[in-house]
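Biologist: Hi! Could you walk me through the side-chain contacts in this one?
Modeller: Happy to, let's bring it up.

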Amino acid sequence: MEQENMTVNKELSPGAAAYGCSACHGDETWSYSHPIRGRAKSRSLSASPALGSTREFRRTRSLHGPCPVTTFGPKACVLQNPQTIMHIQDPASQRLTWNKAPKSVLVIKKMRDAGLLQPFKELCTYLMEEKNMIVYVEKKVLEDPAIASDESFGAVKRKFCTFREDYDDISNRIDFIICLGGDGTLLYASSLFQGSVPPVMAFHLGSLGFLTPFSFENFQSQVTQVIEGNAAVVLRSRLKVRVVKELQGKKTAVHNGLGESGSRPVGLDMDVEKQAMQYQVLNEVVIDRGPSSYLSNVDVYLDGHLITTVQGDGVIVSTPTGSTAYAAAAGASMIHPNVPAIMITPICPHSLSFRPIVVPAGVELKIMLSPEARNTAWVSFDGRKRQEIRHGDSISITTSCYPLPSICVRDPVSDWFESLAQCLHWNVRKKQAHFEEEEEEEEEEG
């Protein structure tokens, strides 16, 4: 195993030490200003790094991927099971707890769906008037004519805190998130938080609802249960994606700290005219041939070694959460979100032997256009920020230190199999008829 260093900031007090994980290439840091209640002495892989007496903390980089940050937003964290004796915590024992009572909530509503207006109003009214919470919504949600023209909702509407995507940073203001809609609302919530993500409670009010386990019928008791900290949580791993692009002889304009694609530039090297953009992806990264009629031709590297060249319509790099999305449609296996893994799935490969594969979460993938490629490729991140990839550009992918904590109705295992059965009708088949008694007797006599 490769030994790596984790340096503690000397200027901070022990109660607010900041950690930098070199497994994340040094660009992801986290701090703990409050002790996590109920932490066990023996640390699991999902636990936060413990404070040591030395100034330098060393750990072994595991093929299971980087140790995920288990504080979510300003006030939430995972309640560690003090009875655990395993290094990997039992998914069913992962429980949500709060360092302080949550006061702010982000409500994400599916757009262009008139059927969600009434649930949205009921939920926001309940949160403000019954729970005395600060409710954040995106500004364009309140611009819906049905909401803008509703005079009875005016008193509540004036209390909203609003924001605009790509312009306002709300990452440190939100204690937890409530989604009303389908799976797309959860993906959108993930895109708003490029670092630590607050706990997400998703109500099934969309079309599929694989990632949205809660029913809205009794939302009051369910929301109360979450606010009180009595809920199971599944940590959905995300992908940290770094796209390095040559600027083709011109400088890319950056407005208000944002690039043309809407993401924050990580670094800009003016000498070689390359720009790096970084994304956090919950489902998958898709590299495809775009509008070209030629096969895509991309090289896939794993930890610096060329493992294969994809010749076909493209390739999907997905998380276990994304294994039930586009990857499943392309023939991949479905993986439980607690499994530490990255999936590589070809899209219509021009090969009879190219099967989807699963690699450890700790590896780093790099994808580039093959020198023999006849055309460019296109890449998208959870179906968003689609952009062209040319010769000389690269896409680096690894497991992020910042998972998305999704609140469960029961527990991570039960909820997942319930979604497989209800949403995807997994292994639905007419039962095989049993033999009649006379036939069984004849077989026994024979």
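Biologist: Let's start with rings. How many aromatic pairs does the structure hold?
Modeller: Eleven aromatic pairs. Keep in mind that this is a predicted model.

Biologist: Take F120 and F160, then. Why does that pair count as stacked?
Modeller: Their ring centres are 6.0 Å apart and the planes meet at 15°, so the pair is stacked; planes under 30 degrees apart count that way.

Biologist: And where do the two sit?
Modeller: F120 is in helix α1 (residues 117-130), while F160 is in the loop between α4 (154-157) and β10 (161-163), so the contact ties together parts 40 residues apart in sequence.

Biologist: Buried or exposed?
Modeller: Both F120 and F160 are buried.

Biologist: What about F203 and F216?
Modeller: Those two form an edge-to-face pair, with 5.5 Å from centre to centre and 80° between the planes. F203 belongs to strand β12 (residues 200-204), and F216 to the loop between β12 and α6 (219-227), 13 residues apart.

Biologist: How accessible are F203 and F216?
Modeller: F203 has 0% relative accessibility and counts as buried. F216 is at 11%, so F216 counts as buried too, given that the cut-off is under 20%.

Biologist: Which residues are linked into a cluster by ring pairs?
Modeller: Y126, F203, F214, F216 and F219.

Biologist: Which charged residue sits over the ring of F153?
Modeller: K121, whose charged end is 6.0 Å from the ring centre. There is also R164, which lies over the face of Y167 at 4.9 Å from the ring centre.

Biologist: Switching to salt bridges, how many are there?
Modeller: Nine salt bridges. One of them joins D166 and K385, at 3.4 Å from N to O.

Biologist: Where in the chain are D166 and K385?
Modeller: They are 219 residues apart: D166 is in the loop between β10 and β11 (176-181), and K385 is in strand β24 (residues 384-389). D166 is partly exposed at 33% relative accessible area, and K385 is partly exposed at 21%.

Biologist: How about D313 and R289?
Modeller: Their side chains meet in a salt bridge at 2.8 Å, N to O. D313 is in strand β19 (residues 305-318) and R289 in the loop between β17 (284-288) and β18 (296-302), so parts 24 residues apart are tied together.

Biologist: Last one: which residues make the nonpolar surface patch?
Modeller: V413, F417 and W426, covering about 290 Å². F417 is in helix α8 (residues 412-423) and is partly exposed, with a relative accessible area of 40%.

How values were computed:
Residues numbered from 1 in each chain as written. Predicted model: local features only at pLDDT ≥ 70, side-chain atom pairs only at ≥ 80, totals over all residues. Heavy atoms only, no water. Patch = residues over 30% accessible without salt bridge, like charges linked within 9 Å, V, L, I, M, F, W, Y side chains within 5 Å. Areas by Shrake-Rupley, 256 points an atom, 1.4 Å probe, with all protein chains shown as cover. Salt bridge = Lys/Arg side-chain N within 4 Å of Asp/Glu carboxyl O. Helix = DSSP H or I, 4+ residues; strand = E, 2+ residues; numbered from the N terminus. Buried < 20%, exposed > 50% of the residue type's maximum accessible area, 1.4 Å probe, protein only. Phe/Tyr/Trp six-rings, centres within 6.5 Å; stacked < 30°, edge-to-face > 60°. Lys NZ or Arg CZ within 6 Å of the ring centre and 35° of its normal.
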